Amino acid sequence: MRCWLKIEEMALEELMQRLNAVSQCADEIMHQDIIPLYAADIQDQLKKQFAYLSGGRGGDGCPVITFPDYPAFSEIPEKEFQNVLTYLTSIPSLRDAGIGFILVIDRRQDKWTSVKASILRIAASFPGNLQLVLVLRPTGFFHRALSDIAFRFNKDELKMKVPIIMLGSVSELQGYIDKTQLTEDLGGTLDYCHNRWLSRRTAIEGFAQKVKQTAQILQSFGTELAETELPNDVQSTSSLLATHTEKKDKMKEDIRVAVEQGDDILGSITKPVTENPDYKLNQDQLDNQTTVERLLAQLHETETAFDEFWMKHQQKLEQCLRLRNFEQNFREVKAALDIVSERLSAFTDVGNSRSHVEHILKDLANFKEKSDETVTKAKMLASERDAFIQSNHYAVDSIIPKCSELHHLCDAFTTEIERRRKLLNKSLELHDLLEKSMKWCDEGIYLLASQPVDKCQSQDGAESALQEIEKFLDTGAGNKIKELNKIYEEYAHILNEDLKDHVQKVFQKQESMEEMFQKRQVSLKKLAAKQTRPVQPVAPRPEAFVKSPCTSPGLQRENVSNSESSALRRVNYRKAKSETTELHQSRGGSTMDDEENLAVLRQHVMNELIETERAYVEELLCVLEGYAAEMDNPLMAHLIPPELQNKKDILFGNMEEIYHFHNRIFLRELETYVEYPELVGRCFLDQMEDFQIYEKYCQNKPRSESLWRQFSDSVFFQECQRKLDHKLSLDSYLLKPVQRITKYQLLLKEMLKYSKNCEGAEDLQEALTSILGILKAVNDSMHQIAITGYDGNLNELGKLLMQGSFNVWTDHKKGHTKVKDLARFKPMQRHLFLHEKAVLFCKKREENGEGYEKAPSYSYKHSLNMAAVGITENVKGDAKKFEIWYNAREEVYIVQAPTPEVKATWVNEIRKVLTSQLQACREASQHRTLEQTQSLPLPLPASSCASPSRNHIRNTKKMEEKKADLTSLEGCGATVAPKYPEKGKGWAKPSHSLDASEENDGWSSAEEALNSSDAEEEGAGGAGEIKLTPGKYTVVTDYDKGVSEEFTVKSGDLVQLIREGEDGLWFVKNLSSGREGWIPASNLLMLIGNSKSAQSLSSSESGTASSNLSTSSSCSDSCNVSSTSFSDIKG
């Protein structure tokens, strides 16, 4: 660097010297160093032409200055006269001027007095050397004679340093000066034009000034360049280089213009010779030519000096820019190498399985492939060292260490990645050995489990089984672990605690399996020995089978944490298993073999569960790194369509959340159960809440699918798929979470099938039920998000319990007769959504398209508040129908399910909702009752009978008690709609959005049904008797006095009131015995007592309790239905 600065200083000094020489030379050429006067300064004075330098020469080369006839010569100011003479005498070369000037004074038209004055003035003001003064005296006779006389008498007065010759004619003048050196006005042939001479002199002098100014500007520019400090960054250096180059180009342009100017002047001087080769330039023209040529030479010298300096300065700037680029690239490459080295340091995991190691190796290979670009850049940058040295870069001392550092980092990175690859290959080799050993053990256990015990009881069977075992043991040479210590020594550099523990477990399993083989061999050899008498195999007694070998006590989930619970279960299981093993050994081999078979099958299912879980986690990671992360990669941004940018969350949903759950939690928990597969249900139950994240993923799947179809042909996805070397496109991997959540229930079913008698069977069953529940919730939510047209918030309706498609008829109290008739024949296709607080009726609309776009949507029609809903479980004539009625049967919807099973499921679910609402109301009422300080007196029911029967009095008393109970439920009236509206006021209708066509085609009202509450109210407020309605009732006392002697009922029997006959008789069927008969209404009241009809169930029973039968039920004689009592429902 110092050397370069010294060189630059020397270059600047040389440039200054050369440019100063040019400036001085230009002044010398133009004699400006002696008389700094320019024609342009006295142009007006020169134009008067009272004196001029024609370019003529005397015999010895003396310059001739002519003073032509100028009448106003005496009036010329002295300053102007002095300037003109000074300028004219400065034009000839110093050599010619040193010889002296010849003055030709033309006074032929003047007077002698003027001649005398002119001579005296010239003699007094002439600044140069004079050699000869030639005066053309006046031509007039008088003045000529006078001049001769006056000249003789005034000779001493006119005496000058040079002789003065008075000439009478031009011919005499030609005797002193050659004709060719005289202008035409003096009788000569010299071509002279004063204006042309003046213009040329101005041009030459302007060119000389241009040359001098150019040299001075280049001096300043050179100084500026040399004094400019070099920037420290690429952008500033590039900007400085561009700025200096621009200024240099402007300088070069000025020089080019100046050269053109000089060439034009030189061309105008030599133009006569060019046009006429015989033309000879006069001395003045030759002097001008020489002057311009010398000035051009100085200009070229100026340009050459500047070019040499600029070349060095430009080289310095370019080297500086190259250095800054190198430094910037070095920083970037160094940072990139640090990043890849840091990422490489994260590859510390040696894998916990073969597939895991293969995945890590694949990741390492992908990482190396991605890092190769960085390493290549670093090596290319380091290889520039030689180029810097060869170019004699001024900063080579600082560049060489950086290049060496890059070489070292690249070599270290390559060495480390190779070391890690060797470690992983060694780990893969170990896992291959472990998997071979485990596979060999599994095959051995399977072989033992597959050998039938009954066939081994014979000598031939035992020998055959023994041969199978020996043949299998021979295959162990290349499959089993021979010496554990050697394994530890050979793989010591990759064995961590987990892997070492895994090796120990595999080795223990191998030893256990070999021990089992040894015991089996001993048994078989005894059986294969020659028997002295035949031995008849006896099947084991049934008592030998142990129904539940795992008898450790159950664990209390509420008081034990997940990890403690799992550990406690495994400890209990080991203890139980050891006890069971001893029990098996004592009771015979058949049960032990069956249990071994089941254990092998359970282990196979567990292995499949863990292996598929690992593969699933790897696939998720592959998608997240290979696709999702690449969407944020700036290097891939140009491949992503603008419409796809910032939509990663839509395309991938919460896949990252799913991956972290499985990778960090669930997979690790599963691996802790690898030796206790029958207990894996506990693992699922512990993490069941986390599986809810799949609902969010599945709800987003339609949007993801739609987005994928729009951009599936994108170059971005194709490039990502190419890098990952995937045969399937991204959409196949986006479906993996949906496939995985459905796979669990299949594996749990398999595990449960082989673990029915084990301790974890209950957990497995519960886990299976929970997983199926999640699948159902996911499926339901997929339908729920397709609902359109609902104004409210669906989340406010509570949890979605059920959803499905049904045929629906309406049977309302109000409606047009024609519409009522049509309702029986034209059902509406409705999709029902049962929530905790409402049931929604929607119309299913199929959509056209592919994939999720073909999924149906549901147009919202109306909804029913569950607080005012009741159900009728059975409808006569169709086992698939049930009723949903609203506001005390003001609106009735007859619903037909696809199958009786679907109907039963829906009825049970609705029953649960209504029961839970009823229970909530009762609890609230009881709470209010406890707060009351004084109970209210109950009014006695009015009676129209003067002497009621004993049974009627008892029933009336029970009705009063019932009313007292129901009075306590009034506190629930705020949350449940009242059952009986005020007179003249109707029930609030649910919101409807029916099409006009549907109202005409599918909606009607059937015959007005009688609500049980209405009937009871009439009975209570009228004659004081209970109004019976058709339905099912439970008998509370025995009865054998029916109209038909064969008809009897006993307490607890379930009877059905079919219809009311004449004379107060009811036709009743005993559902317990199947018999039918007529019973008087009074006796029937005694039989059923307070038994409640469960024909209809409604949560509205928490409303006004003014009836003498339970307001939680509703009986309808118009539907001829049968149902279960509410007491049964509660039980």
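Tutor: Contact means heavy atoms within 4.5 Å. With that settled, one may read the neighbourhood of a single side chain in this predicted model.

Student: Which residues does phenylalanine 717 touch, not counting residues up to four places away in sequence?

Tutor: Phenylalanine 717 touches Tyr627, Leu644, Leu651, Trp708, Phe711 and Leu730. Phe717 also belongs to the largest nonpolar core, which has 64 residues. Phe717 is one of the members that touch the most other members, together with Leu651, Phe652, Val680, Phe684, Phe691 and Leu730.

Student: Which helix gives the most to this core?

Tutor: Helix H19, residues 589-628, gives the most, with 13 residues. There is also a second, separate core of 35 residues, and Leu46, Tyr70, Phe81 and Leu130 are among its members.

Student: Is glutamine 45 buried or exposed?

Tutor: The general idea is that a residue is buried when its relative accessible area is under 20%. Glutamine 45 has 15% relative accessibility and therefore counts as buried. The residue lies in helix H2, residues 43-47. Its contacts, leaving aside neighbours within four places in sequence, are Phe50, Glu80, Asn83 and Val84.

Student: Turning to helix pairs, at what angle do the axes of H8 and H9 cross?

Tutor: The axes of H8 (residues 194-227) and H9 (residues 234-275) cross at roughly 160 degrees and come within 10 Å. Angles over 145 degrees count as roughly antiparallel, so H8 and H9 are roughly antiparallel to each other.

Student: Is the crossing of H8 and H9 left-handed or right-handed?

Tutor: H8 passes H9 in a left-handed crossing. By class, the residues of this contact divide into twelve nonpolar, six polar and six charged. On the H8 side they include Phe207, Lys210, Ile217 and Phe221; on the H9 side they include Lys248, Met251, Ile255 and Ile265.

Student: How are H26 and H27 packed?

Tutor: H26 (residues 736-753) and H27 (residues 761-784) pack at an angle of about 155 degrees, and their axes are 9 Å apart. H26 and H27 are therefore roughly antiparallel to each other, and their crossing is left-handed.

Student: Which residues of H26 and H27 make the contact?

Tutor: From H26, the contact residues include Ile741, Tyr744, Leu748 and Leu752. From H27, they include Leu764, Leu768, Ile771 and Leu775. The contact of H26 with H27 has twelve nonpolar, three polar and one charged residues.

Technical notes
Residues are numbered from 1 along each chain as its sequence is written. This is a predicted model: local features need pLDDT of at least 70, side-chain atom pairs count only at pLDDT 80 or more; totals for chains, interfaces and linings use all residues. Side-chain values use heavy atoms; hydrogens and water are left out. Axes are lines fitted to C-alpha atoms, for helices over the stretch in contact, and angles run from 0 to 180 degrees between N-to-C directions. Helices (H or I, at least four residues) and strands (E, at least two) are DSSP runs, numbered from the N terminus. Angles under 35 degrees count as roughly parallel, over 145 as roughly antiparallel, 65 to 115 as roughly perpendicular and the rest as oblique. A crossing is left-handed if the near helix is turned anticlockwise from the far one by less than a right angle, and right-handed if clockwise. Ala, Val, Leu, Ile, Met, Phe, Trp, Tyr, Cys and Pro count as nonpolar, Asp, Glu, Lys and Arg as charged, and the others, Gly among them, as polar. A nonpolar core is a set of buried Ala, Val, Leu, Ile, Met, Phe, Trp, Tyr and Cys residues joined through side-chain atoms within 4.5 Å. Buried means under 20% relative accessible area, exposed over 50%, partly exposed in between (1.4 Å probe, protein chains only).
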